[in-house]
Amino acid sequence: MTNLNADLAAPRPRSGRRVLPRWSPKLAIGVGIIVVIGLWGLAGPVLVGDPDAIRDIGLTAPSGSHLLGTTQTGQDVLAQLAYATRGSLSIGVLVGIMATLLSALFGIVGSYVGGLVDEAFSLLSNLMLVIPGLPLVIVISAFVPASARGSWTIAVVLAITGWAGSARVLRAQTLSLRNRDYIQAARVAGEKRWRVIGVELLPNLLPLLASQFVFTVIGAILSETGLSFLGLGAANSATLGTMLNYAQNGFALQRGAWWWFVPPGLIIALFGCGLALVNFSIDEIINPRLRDIPRRERGNRRREPRPAERLDDGAVLDDGAVLDNGAVLTVRHLSVTYRTENPVHAVRDVSLVLRRGEILGLVGESGCGKTTLAYAINRLHRPPAEVTSGSITLHDRDGDDLDVLAFDRDELRAFRWDRLSMVFQGAMNALNPVLTIRAQLDDVLTTHRPAMSRGERHERCAEALRLVGVDPRRLKAYPHELSGGMRQRVMIAMALLLEPQVVLLDEPTTALDVVVQRGILRELLRLRTALGFAVLFITHDLPLMLEVSDRIAVMRDGRIVEEATAEQIAAEPRHPYTRHLLDSFPSLLGERGAFIRAGEDERGEAARPPAAAPDGGIAAEEVR
Amino acid sequence: MRYYLRKLAFYAAALWGALTLNFFIPRMMPGNPVDILLAKLQQRGANVGPSARRAYELLLGGNTDESLIHQYFAYLGNMLHGDFGVSVSHYPTPVATVITASLPWTVALVGIATLLAVLVGTGLGMVAGWRRGTWLDALVPATTVLAAVPYFWLALILVAVFATKLGWFPLLGGYDVALSPGWNGAFLSSALRYGVLPALTIVISSAGGWLLGMRNMMVSTLAEDHVLTARAKGLTDRRIMVWYAARNAVLPSVAGFAISLGFIVAGSIVTEQVFSYPGIGSQLLEAVQNDDYALMQGIFLVITVAVLGANLLVDLLYALVDPRVKTTG
């Protein structure tokens, strides 16, 4: 989903699929509560006396002889509580098992088999879901004569009315798993259907099944309690609900006998809470995004600019390039580290100068730190990534030097997009799916140009779209109504909306097909000439950079290993890695369609890309 | 348009399913409810003619010679006319009248309480997800206790504290019986005062679910690329939180409304019982206790129709909040 963050994500030790939740205080408390209440339900009845023994000391408060007091008829509340807990737990687990089996049948098998079976199963579970459960249970129970209302009857009725929600969740997950590669592979390999379900599918569904089981158990206990409280529960059963029913009918509330009606509810609430806490941990297996608790971003931390980092005239950078006054962005000795267990130095001591109006290509293979660098320049990196040293300076149009790393929260906000904007890799996901193109262009203006009137903003948005060759009528469209190329054009229009001085392009065309790529790049180059912004172009596509950029910086393992003009890189690459990169692209023209040929000293001519493909600009893109 | 038609068709099917369930449940169960019913009526001195007997037999089944199919269509016809028969416990008031009198109470109570719970729950969930890892977020697991509390037990506790002990709110009922119901200030404010504790019960027990769902979706959504774009755009935190994160994160909660509503309806039936609230839930239980099968079935149908209607409404709203469904789904 987020290919954009792929470069950013800190490497995590590779582990197989997780089946057991990670140990955490939440899980410990949850398991603790469940175990204690479970044991109480199992062993409690043995320890306490007869729950039904009637004494002539009605409704006494807790005391030494009756730890939780007595009921109206002098029965020991603690003894009743033990038996009732056992009753409630057993019915909850019973219903949980039955309902989970039902939901697995309808959810997993249905969606795996597919076709008409799936349609029918899915319709059935959706119907069961919208028909209110408890009223149905009440009606069914009411028609069953009280004498025939055993625990099993109640359990079956609760299971029948309680499986649908889980089935829907399981179906969605199965459908998504079904199309994964390893399942497909197993199917293609001719494995038996039940084997694919049992061996390949189920283990992956296990966390979800467990979580749904937990939900049904809570739901069943609550429903049973409600039913029994209403006097519609199983005959002759002792559950927490019947206890509450007796308490209600014995006017426990009116007579202030809290020891009678508080404990049963408390047990249910605690047990439900325990299950929910365990469920938290299961959820974290299902959805890893919930797992990592980030340290808070300290957005308003202000750092005084260190004088040494101030760039004065003509400072000499590492590679000997002399900084002239035309610089718009200077990065000096920047290092970014992911502070994980094994810290990853993603960017190491990088220095870069971007001149006004130029295109600087930042080239490297994936994982070399180029995206991390780009994000750090805009301070978009989030914990655990941290800038450990260096400086970033934007030389503003009106002569001020802005120390990007020293901005406070508001200054940073004002700086972003206004001075420096970005076009991200995944045009598919970079736009908000539920807002119109217009709203997403417009909020840039309302935020950064509050003085503009509504009409002016509209005019500006329309103009920006025209600039990138998109019909302004598309302002009304939602992102999903546009093609991929169109969306990326919209992103570019958005990036240019405030006429920034620097535009960061992070593999802006990687996800698009070649023809569309060409059209968009052509457009960008034209706009760069017209508007004069500088571009930091991040890509792994060295031939492309040779074609479009003025200068190229080659990055490897977080360091800039070579920086030179495009011509120099093409003609005389100095660093072996640059040569390596050049050689790893097959040439379409030369007969030496070289792939990686390490060690050979080849000049770059062969790797020059062919002349630009025939123009396949806007005409080639069609609106979906 | 296709989306709306599909939804309408689905809810029509659901309604038909509920009607059919309603028809078959009494017929599948042991015992003869019609005889019990008629015996009760005769106890009350009602003169039950053959036409009344047939009406009950259509509703509940019995040993008639009519074919099941024939009974079924006659039953559907009666239901469509709103003819649910005569209530036994309120004899000779028709079931429809009993329902009409009690329905507004429940609709108002459950409607307002649900709205409040959704607003409070999603609002807090949004902030908790946004401020992940702070003290606010750390409180989230605690809300699961509230979600696991049985509604009626919470109601009992609230009554014990706020009505019995502190005397802030009335113990039970829907309004001060000294007043006559009507659209006047005295009655409405009394109804409001009586409604506070039942509504509070529903809000407290259901808001937790909304909070948790919203919080988890916020966390997922915040990792999405468009949120990163929004940050790069230099938008205010507030705008990013509401329009980029929450606006997307709320969609699954809306889509899952049906499940939540089921729980709320179930909870409110029992809650009404605790407060002797003059709503449809109390009425249902009274019907059950009096073997008033006709009233019971009528109420089941009305609750079902109301729930289906609410879900349909939410589904239609969903098309407004998620522009994608109209083209893809």
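In which helix of chain A does Leu42(A) lie? Leu42(A) belongs to helix α1 (residues 25-47) of chain A. Helices here are DSSP runs of H or I with at least four residues, strands are runs of E with at least two, and both are numbered from the N terminus.

This is a predicted model, in which local features need pLDDT of at least 70, side-chain atom pairs count only at pLDDT 80 or more, and totals for chains, interfaces and linings use all residues. Residues are numbered from 1 along each chain as its sequence is written, chains are lettered from A and ligands numbered from 1 in the order in which they are written, and side-chain values use heavy atoms, with hydrogens and water left out.

**View 1. A nonpolar surface patch includes Leu42(A).** Leu42(A) has 60% relative accessibility, so it counts as exposed. Exposed means over 50% relative accessible area, buried means under 20%, and partly exposed lies in between (1.4 Å probe, protein chains only). A patch takes residues with over 30% relative accessible area and no salt bridge, joining like charges within 9 Å and nonpolar side chains (Val, Leu, Ile, Met, Phe, Trp, Tyr) within 5 Å.

**View 2. Chain A as a whole has 20 helices and 10 strands.** Chain A has 624 residues, and 53% of them count as buried. Chain A exposes about 27,300 Å². Carbon and sulfur atoms supply 57% of that area. Take the contacts in chain A between residues at least 6 apart in sequence: 71% of them join residues at least 24 apart. Contact means heavy atoms within 4.5 Å.

**View 3. Ile108(A) sits in helix α2 (residues 77-113) of chain A.** Is Ile108(A) buried or exposed? Its relative accessibility is 3%, so Ile108(A) counts as buried. Setting aside neighbours within four places in sequence, its contacts include Ser103(A), Leu170(A), Thr174(A) and Leu201(A). Ile108(A) and Leu201(A) are 93 residues apart in sequence. Their C-alpha atoms are 9.0 Å apart in space.

**View 4. Arg419(A) and Asp396(A) form a salt bridge.** Nitrogen and oxygen are 3.0 Å apart. A salt bridge needs a side-chain nitrogen of Lys or Arg within 4 Å of a carboxyl oxygen of Asp or Glu. Arg419(A) lies in the loop between α12 (409-415) and β6 (420-423) of chain A, and Asp396(A) in the loop between β4 (385-395) and β5 (401-403) of chain A, so the pair ties together parts that are 23 residues apart in sequence. Arg419(A) is partly exposed at 21% relative accessibility. Asp396(A) is buried at 6%.

**View 5. Arg518(A) pairs with Glu547(A) in a salt bridge.** The pair links helix α17 (residues 514-531) of chain A, which holds Arg518(A), to helix α18 (residues 542-548) of chain A, which holds Glu547(A). The two residues are 29 apart. Their closest N and O atoms are 3.0 Å apart. Arg518(A) counts as buried at 19% relative accessibility. Glu547(A) is partly exposed at 31%. Over all chains, the structure holds 24 salt bridges.

**View 6. Helix α12 (residues 257-275) of chain B has 19 residues.** How far does this helix reach from its first C-alpha to its last? The reach is 26 Å, close to the expected 27 Å. The expected span is 1.5 Å times one less than the number of residues. Of the 19 residues of α12(B), 15 are buried, so the helix is largely enclosed by the rest of the structure. Ser276(B) follows α12(B) and has a positive phi, near 50°.

View 7. pLDDT is the predictor's confidence in each residue, from 0 to 100. Chain B has a mean pLDDT of 84, and 97% of its residues reach 70 or more. Where pLDDT is low, the predicted coordinates should not be read in detail. For the complex, the predictor gives an ipTM of 0.85 and a pTM of 0.79.

Notes
Accessible areas come from the Shrake-Rupley method with a 1.4 Å probe; for residues, only the protein chains shown count as cover.
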